[in-house]
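Here are a few exercises to work through with the model open beside you. Try each task before you read its solution.

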Amino acid sequence: MSDAPLSVHWFLPTGGDSRDVVPTDPEHGARPPSHPYLAQVATACDQLGFDAVLTPCGTACEDAWISTASLIPLTERLRFLVAFRPGLLNPTQAAQMAATYQAMSGGRLLINIVIGAEPSELARFGDFRAKDERYRRAGEFLTILRGSLEHESFDFDGEFYRVEGATTRTSPVTPPRIFFGGASAAAEQVAAEHVDVYLAWGEPPVMVAERVERMRKLAAAAGRGDDRPLGFGIRFHAISRDTADEAWAEAGRLLHGMDPEAVRAARTDFAGTASEGQRRMAALSAGAADGVPADPRELEIHPNVWSGVGLVRGGAGTALVGSHREVADRIEEYHELGFDEFILSGYPHLEEAWRVGDGLLPELRRRGLVDEHEGPASGRVSTFR
């Protein structure tokens with residue numbers, strides 16, 4: 001467990017939002033990712049004290065760089081965790097974009113490198129390289145990205161990239177921290193060598209504890225010491241309420257809104273996934289493969305850890321469910337395992353940001369897990385570091 005306060009982040013729904021896990025249509029509550037709506041989510045997070053918002057990447061959502069850059073002048077302290085696939089962008093260009101973003105935002109950029117994806121998604125971008133090749137390419141990309149940001153002139157000649165004199169106009173005073181997730185052996189090696197924060201999806205403690213321990217050993221083997229420690233982050237949805245009964249009732253509402261046909265279709269897709277992380281996520285809700293259970297607690301895989309979202313949603317499929325105190329207990333439990341970065345989300349993201357910000361974040365502050373600081377609008381909110 002780190003002595004540093006933990007950071008709590010939220011999610012920016014650039015693919016659209018809804019009161020249900022799977023958006024339907026505007027007549028049934030689906031919300032397009034318009035600029036006014038994304039601005040509401042971002043300004044709420046800024047006021048409430050979230051550290052940053054994760055923005056996804058892919059053809060199912062708006063571009064992360066442009067979406068978040070448009071929100072810089074509307075926020076004061078909120079940082080933006082921008083996701084992108086390195087194989088689709090030149091590393092020196094990415095360094096230039098990152099340096100400009102830091103200059104224009106006052107140092108509020110974080111980077112989330114995404115390598116894994118289903119072949120159909122990669123094909124849309126013309127990327128047909130094998131999985132291990134993509135991870136080797138990512139290692140070279142990150143070497144050049146850091147070199148361009150930190151040196152006046154950086155040379156590199158590798159398997160995938162060759163650059164001479166790579167640099168940016170100005171080197172940011174604070175280079176953006178790099179987040180990265182992946183459950184395969186190739187992904188773990190890239191993380192151990194190159195990134196600042198290794199991300200995991202919300203698996204039960206017994207599953208993620210062994211990954212944390214393995215990643216620490218890999219980082220040490222890569223020559224990383226106390227001067228460059230590997231941090232750990234974890235991704236959950238959150239249903240946090242004044243009482244546990246209210247939270248589980250909301251989990252039941254989400255569960256009963258899932259079309260059984262959609263569940264069966266999702267299970268079929270997950271069965272053929274090329275992602276090790278997605279395979280692990282799908283296994284957590286495998287007990288409901290033949291239908292939607294009546295009681296949401298049938299999918300409680302650890303106290304207050306619910307796998308119901310993963311019945312129909314790819315990617316992060318678990319939620320922390322319970323009273324604010326219970327959810328804080330679980331966050332503290334994961335923090336003791338070594339996780340300092342918690343990326344949360346909810347349906348819909350605007351209202352749930354307020355519920356988490358009004359109930360869960362104050363509980364974390366009372367426990368001394370999140371720093372306090374004067375916020376942009378009123379009250380006491382967590383420090384943005």
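Buried means under 20% relative accessible area, exposed means over 50%, and partly exposed lies in between, with a 1.4 Å probe and protein chains only. The model is predicted, so local features need pLDDT of at least 70 and side-chain atom pairs count only at pLDDT 80 or more, while totals for chains, interfaces and linings use all residues. Residues are numbered from 1 along each chain as its sequence is written, and side-chain values use heavy atoms, with hydrogens and water left out.

**Exercise 1. Cysteines**

Solution. 
- Start with the rule: a disulfide is a pair of cysteine sulfur atoms within 2.5 Å.
- Cysteine 57 is in no disulfide, since its nearest cysteine sulfur, on cysteine 61, is 6.4 Å away.

**Exercise 2. Helices α3 and α5**

Describe how α3 and α5 cross, and which residues make the contact.

Solution. 
- Helices (H or I, at least four residues) are DSSP runs, numbered from the N terminus.
- Axes are lines fitted to C-alpha atoms over the stretch in contact, and angles run from 0 to 180 degrees between N-to-C directions.
- The axes of α3 (residues 91-105) and α5 (residues 131-150) come within 8 Å and cross at roughly 45°.
- Angles under 35 degrees count as roughly parallel, over 145 as roughly antiparallel, 65 to 115 as roughly perpendicular and the rest as oblique; α3 and α5 are therefore oblique to each other.
- Contact means heavy atoms within 4.5 Å. Here Pro91, Thr92, Ala94, Ala95 and Ala99 of α3 meet Phe141, Ile144, Leu145, Ser148 and Leu149 of α5.

**Exercise 3. Helices α11 and α12**

Now treat α11 and α12 in the same way: at what angle do their axes cross?

Solution. 
- The axes of α11 (residues 324-337) and α12 (residues 349-366) come within 9 Å and cross at roughly 60°.
- That makes α11 oblique to α12.
- On the α11 side, the contact is made by His324, Arg325, Val327, Ala328 and Ile331, and on the α12 side by Arg355, Gly359, Leu360, Glu363 and Leu364.

**Exercise 4. Arginine 137**

Is arginine 137 buried or exposed?

Solution. 
- Locate arginine 137 first: the residue sits in helix α5.
- Its relative accessibility is 9%, so arginine 137 counts as buried.
- Leaving aside neighbours within four places in sequence, arginine 137 is in contact with Gly87, Asp127, Arg129, Phe160 and Tyr161.

Methods:
Helix = DSSP H or I, 4+ residues; strand = E, 2+ residues; numbered from the N terminus.
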